[in-house]
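Q: I am new to this structure and would like to learn how to read it, feature by feature. Could we begin with how its parts are named?

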Amino acid sequence: MRNKYMMTAIICCALFLLLPALPKQLSLVSVFRVTEEPAVIVRGASGSALTVNISFGDIEVEQWIQELSKPYPLLLVDMKWAGRFPETVQLIKEKNISIGLLGDKGVTYEQNTILFIEQLEQFEKTFGVKPLWFRTIDEVFPANLHSMLWDAEVNALGSSVVWNGGDLPSVTKGEIISVPHHRENRVNLAELKKLDKDRTFISVEAMLFGTKVNVKKIPE
């Protein structure tokens with residue numbers, strides 16, 4: 001009997017050593033639900049986190065990403081933009097910057113129920129991993145979209161503050177700041193240095209995992 005247990009232990013150890021390690025972006029965190037029910041995350045318990053929504057830009061975005069240093073902001077990426085600029089996407093991968101899926105306006109998902117699935121599949125094809133975060137471009141999350149996100153094990157991420165440039169917002173405990181970079185509504189990325197000087201940022205993951213988060217319930 002003792003020999004049987006020893007043989008089982010040896011086999012288990014051998015399998016553990018032979019199996020390849022999970023890539024960084026394919027760790028358990030890539031399918032981690034922050035909330036216990038469908039809800040939009042809008043704030044953490046402490047600290048400040050920066051998120052940037054990207055659906056437009058070429059050279060200026062690539063240059064900004066090249067100059068980024070840790071802790072990186074969370075980039076919410078529009079898949080049409082990602083398809084146009086594969087070199088910038090590759091740079092994001094090489095720097096191992098946290099990324100999420102940026103969707104269309106919330107109402108679009110009420111009219112086109114398969115749109116989210118199509119965007120999700122494109123994200124996985126482009127980045128090789130399921131997104132941990134999803135945000136609609138207007139931060140509106142219809143009830144049916146909540147259900148799809150929950151089934152897909154993707155977290156709905158809103159924000160505490162949307163900064164469109166100009167005067168800096170006052171510092172708020174646990175804030176998640178959203179900065180737009182779209183064709184018709186974008187902040188000059190160089191202006192983000194003002195935010196960096198005004199507060200110390202941590203990653204969204206560092207802010208939220210293992211801490212209490214404030215959420216917005218599903219709209220009735």
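Q: How many helices and strands does the protein have?

A: The protein has nine helices and nine strands. Among contacts between residues at least 6 apart in sequence, 73% join residues at least 24 apart.

Q: Which residues have a pLDDT under 50?

A: A predicted model is read together with the predictor's confidence in each residue, which is given from 0 to 100. Here the protein averages a pLDDT of 84, and 80% of the residues score at least 70. Over residues 4-31, however, pLDDT stays under 50, and for that stretch the model has 17 contacts beyond four places in sequence.

Q: What is there to notice about the backbone at N96 and at E153?

A: Both residues have a positive phi without being glycine: the value is about 55° for N96, and near 60° for E153. E153 is found in the loop between α7 and β6. With a relative accessible area of 33%, N96 is partly exposed, and E153, at 30%, is partly exposed as well. Another backbone feature is the peptide bond from K70 to P71, which is cis, with omega near 0°; P71 has its place in the loop between α2 (59-67) and β3 (74-78).

Q: Is G174 buried or exposed?

A: A residue counts as buried when its relative accessible area is under 20%. G174 has a relative accessibility of 0%, so this residue counts as buried, although its place is in the loop between β7 (161-162) and β8 (175-181). Leaving out residues up to four places away in sequence, G174 touches R43, G44, A45, S46, G47, S160 and M207. G174 and L208 are 34 residues apart in sequence, while their C-alpha atoms are 9.0 Å apart in space. Of the 220 residues of the protein, 44% count as buried.

Q: Which residues have the most contacts inside the largest nonpolar core?

A: The largest nonpolar core has 45 residues, and those with the most contacts inside it are W64, I65, L75, F116, F134 and V179. Helix α6 (residues 115-127) gives the most to this core, with five residues. Apart from its neighbours within four places in sequence, F116 is in contact with L101, Y109, F134, L145, M148, L149 and A152. A second, separate core of 13 residues includes V34, W133, I176 and L208. T126 is also found in helix α6; this residue is buried, because its relative accessible area is 17%, and, not counting residues up to four places away in sequence, T126 touches M79, V89 and K93.

Q: Where does the lining of the largest cavity come from?

A: A search of the whole structure finds one cavity of 30 Å³ or more, and about 80 Å³ of space lies in the largest cavity. Its lining is formed by T35, E37, P38, A39, H146, L149, W150, V154, N155 and A156. By class, the lining has six nonpolar, three polar and one charged residues. Helix α7 (143-152) and strand β6 (155-157) each supply at least two of the lining residues, and α7 gives the most, with three residues.

Key
Residues numbered from 1 in each chain as written. Predicted model: local features only at pLDDT ≥ 70, side-chain atom pairs only at ≥ 80, totals over all residues. Heavy atoms only, no water. Contact = heavy atoms within 4.5 Å. 1 Å grid on protein atoms, 1.4 Å probe; cavity = no way out; pocket = protein on both sides within 12 Å on 5 of 7 lines; lining within 4 Å. Points joined across faces, edges and corners; volume = space filled by probe spheres on them. Helix = DSSP H or I, 4+ residues; strand = E, 2+ residues; numbered from the N terminus. Nonpolar A, V, L, I, M, F, W, Y, C, P; charged D, E, K, R; others polar. Core = buried A, V, L, I, M, F, W, Y, C linked by side-chain atoms within 4.5 Å. Buried < 20%, exposed > 50% of the residue type's maximum accessible area, 1.4 Å probe, protein only.
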